[in-house]
Amino acid sequence: MTDRGFNFREFRSLIVRTWPYLRQELPHLILWIALRMLLEIIWISAVLVTFDLFNNKILVGERLSPAQAAVLFVDESYQLSAEELIASSELRQLIEAEADETEPRDEERRVELEAQISKLDETQRKTVRNRFLVLMAVAAVLFFMLAPVIDYYRTWILQRINQYLRVTMIERVEHLSLRYHAHAQTGDAIYRVYQDSAMITNIVEKILLQPIVATFTASFSFIVLVSFSWLLGAMFLLGVVPILLIVAWFTPRLQIRSRRARESNSQLTSRIQEAFQAIRVVKANKALHVMESRFDTDSQRALDAALLLRGEFVLMGTLIALLIGAMMLAGEFLLATWVLEERATFLFGVVALVGFAVWNYGAFMAARDRISEFVWNGNDLIRVWGMLQDMIVGLERAFFLLDLKPEIVDDADAVDMPRPIESLQFQRVAFAYDAEIPVLRDVNLTAERGSITAIIGRTGSGKSTLMSLLLRLYDVDAGSISINGIDLLRIKVDELRANVAIALQQNNLFASSIADNIAYATPALTREQIVAAAEVACAHEFITDLSDGYNTELGERGSKLSTGQRQRLSIARAVAKDTPILILDEPTASLDAETEARVLANLRDWARERVVFLITHRYSTIQTANQIALLEDGAIVAWGSHDELMADQEGKYRAFFEGEIAVAAGMGGSAR
């Protein structure tokens with residue numbers, strides 16, 4: 001487990017890498033940001049107007065500013081007259097001078113000026129109140145209708161981005177060589193695709209959308225705050241410094257904790273996948289306590305890592321909250337002092353547009369709310385930065401899959417699959433999963449159209465690996481495989497695999513209908529073609545006996561069927577693909593003798609114009625083949641028909657046949 005802290009260069013590179021997934025949604029993102037900013041402007045402006053209207057106009061009866069009169073659609077009688085405006089301006093100047101102690105307090109002049117400024121009468125105050133309530137009701141309805149729509153629009157954009165990344169990850173994983181899948185943990189890949197990929201939506205939201213909106217809101221609130229008092233603005237700017245120092249100290253710690261948490265959760269996902277996949281083996285061996293103990297250990301490790309990560313978040317948040325609380329208390333103390341002194345606001349000529357020329361209760365409420373807006377939007381940015389450290393780790397893990405380069409790729413001059421296929425050759429083929437342990441060495445084999453070639457050998461001799469090379473699930477380390485003389489490496493991978501069908505002993509089926517399972521590789525098949533393939537595999541009879549026939553829904557991995565039925569469906573799926581090359585890996589291992597004979601007879605007829613490979617141990621299946629290749633320690637040690645190979649009394653094929661196959665078939669040493 002790597003403990004690496006924050007690296008700005010890596011962070012920037014990671015963010016840049018999200019651009020391809022954002023580009024297609026960029027117009028929507030820009031529109032959402034514009035709508036969200038417009039909503040914030042409307043909200044803050046409405047709050048400023050509302051506080052003054054309610055506290056100073058409705059409750060106290062002061063006359064309206066021109067902007068307020070326009071909003072409420074009232075005439076000039078509700079506003080201050082020209083003479084009253086002059087008196088009001090002089091009164092503000094007098095209050096400001098007294099607050100700065102540049103002039104002595106002149107109570108007589110203040111009373112005289114206040115007397116010149118008339119107030120709203122009772123009828124006017126009721127009119128203002130009623131229109132204010134109507135205005136607030138309309139604004140609330142519009143706001144609460146618009147806000148959910150904008151929020152839904154954001155979710156729609158983010159999920160489209162996440163969907164694009166997940167699909168890209170799956171496509172990349174599917175194109176990786178089996179070398180990767182042989183060593184990778186399935187649960188880890190699942191966790192990366194399902195959980196880590198979701199970090200791109202969080203990255204977009206937390207790095208792009210939320211910071212833009214929060215920065216805009218905090219900046220707008222700060223500007224309004226400075227218009228009330230420059231001292232408040234300076235105080236809160238200075239207060240940001242210790243907060244940034246705390247954030248800088250916690251950043252590398254958060255990334256380290258996050259990486260440990262995600263890796264432990266990935267390991268837990270792998271453990272869960274392993275537990276469900278091996279449930280039959282676990283129960284059969286009375287090993288439930290072993291599995292439960294392992295799961296408990298991994299689960300506790302994941303829980304501890306998650307709690308430590310949350311602990312770092314809580315500690316950082318607590319320290320910042322203490323600083324924010326102190327700043328807000330200091331700010332409110334200053335506001336209360338200025339209200340008591342009736343001090344003029346800093347930019348009273350601007351703020352007076354909404355009525356706050358001097359510090360009063362309405363100005364106190366409006367300024368306090370702007371402090372809250374500024375502080376808590378700033379706090380949101382800090383919280384986002386903390387969460388971002390976890391998201392960066394998650395996105396880094398998601399991009400890990402995208403960084404893996406597929407080993408199996410088309411050449412620049414790749415050609416289409418040759419048609420018709422006349423011959424298929426393995427020439428001096430060598431391959432190893434690990435360089436020190438060769439699996440195949442110097443394999444030579446030729447198969448002609450219309451032939452059935454049986455590949456036999458003991459477990460681990462390289463039979464399935466040989467067929468994997470034919471499908472280019474791996475590429476050869478040495479030698480070549482060619483079709484009609486064209487090297488496999490020069491044939492387009494998709495073209496190659498589209499022309500090879502395979503039926504595996506594992507019988508992987510899907511939780512869908514029988515018809516869908518047969519047509520899995522060729523979804524455009526008609527029902528008649530599906531039935532024809534099932535008849536070749538001797539599956540039609542048992543399918544029609546089911547209540548819903550071909551429309552019968554299978555359980556997970558075909559759990560509703562017997563092993564033999566699943567194997568016949570697997571053969572039917574390979575036949576339905578109707579390809580010139582067919583690979584059957586132990587195709588009849590789970591069939592009874594009678595059904596096996598029928599299936600093999602059908603396959604012989606079906607394969608007259610195709611190249612067929614059988615991987616098998618069964619005597620009856622081997623007898624179907626035109627030629628047999630015996631693999632031993634990765635090399636072909638015997639090659640020919642069954643009769644030719646059995647004629648060699650000292651040959652390796654005869655020894656293998658009599659020692660393993662004939663005994664398994666119950667024929668003993670007398671088999672010929």
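1. Let me start with Ser 451, which counts as buried because its relative accessibility is 9% (buried is under 20% relative accessible area, exposed over 50%, partly exposed in between, with a 1.4 Å probe and protein chains only). Ser 451 sits in the loop between β2 (437-448) and β3; helices (H or I, at least four residues) and strands (E, at least two) are DSSP runs, numbered from the N terminus. Beyond its neighbours within four places in sequence, Ser 451 is in contact with Arg 610, Val 611, Val 612, Asn 626 and Gln 627, contact meaning heavy atoms within 4.5 Å.

2. A word on the source: this is a predicted model, where local features need pLDDT of at least 70 and side-chain atom pairs count only at pLDDT 80 or more, while totals for chains, interfaces and linings use all residues. Residues are numbered from 1 along each chain as its sequence is written, and side-chain values use heavy atoms, with hydrogens and water left out.

3. Now the sheet. Six strands form an open, mixed sheet in the order β6-β7-β8-β3-β9-β10, where two strands pair if DSSP finds at least two bridges between them. Its edge strands, β6 (500-503) and β10 (635-640), each pair on one side only. Inside the sheet, β3 (residues 452-457) runs parallel to β8 (residues 611-615), joined by 4 bridges, and Thr 453 stands opposite Phe 613 in β8.

4. Which residues touch the most other members of the largest nonpolar core? They are Ile 518, Ile 543, Tyr 550, Leu 569 and Tyr 653, out of 50 residues in that core. Helix α21 (residues 563-577) gives the most to this core, with 6 residues. For the term itself, a nonpolar core is a set of buried Ala, Val, Leu, Ile, Met, Phe, Trp, Tyr and Cys residues joined through side-chain atoms within 4.5 Å. Not counting residues up to four places away in sequence, Tyr 550 touches, among others, Ile 518, Arg 527, His 540 and Ile 543.

5. Some backbone geometry is worth a look in your viewer. Most residues other than glycine have a negative phi, and most peptide bonds are trans. Arg 428, in strand β1, has a positive phi of about 50 degrees although it is not a glycine, and it counts as exposed because its relative accessibility is 56%. Cys 538, also not a glycine, has a positive phi of about 55 degrees; it lies in the loop between α19 (527-536) and α20 (540-545) and is buried, with a relative accessible area of 6%.

6. Finally, the peptide bond from Arg 419 to Pro 420 is cis, with omega near -10 degrees. Pro 420 is in the loop between α15 (361-403) and β1 (423-434).
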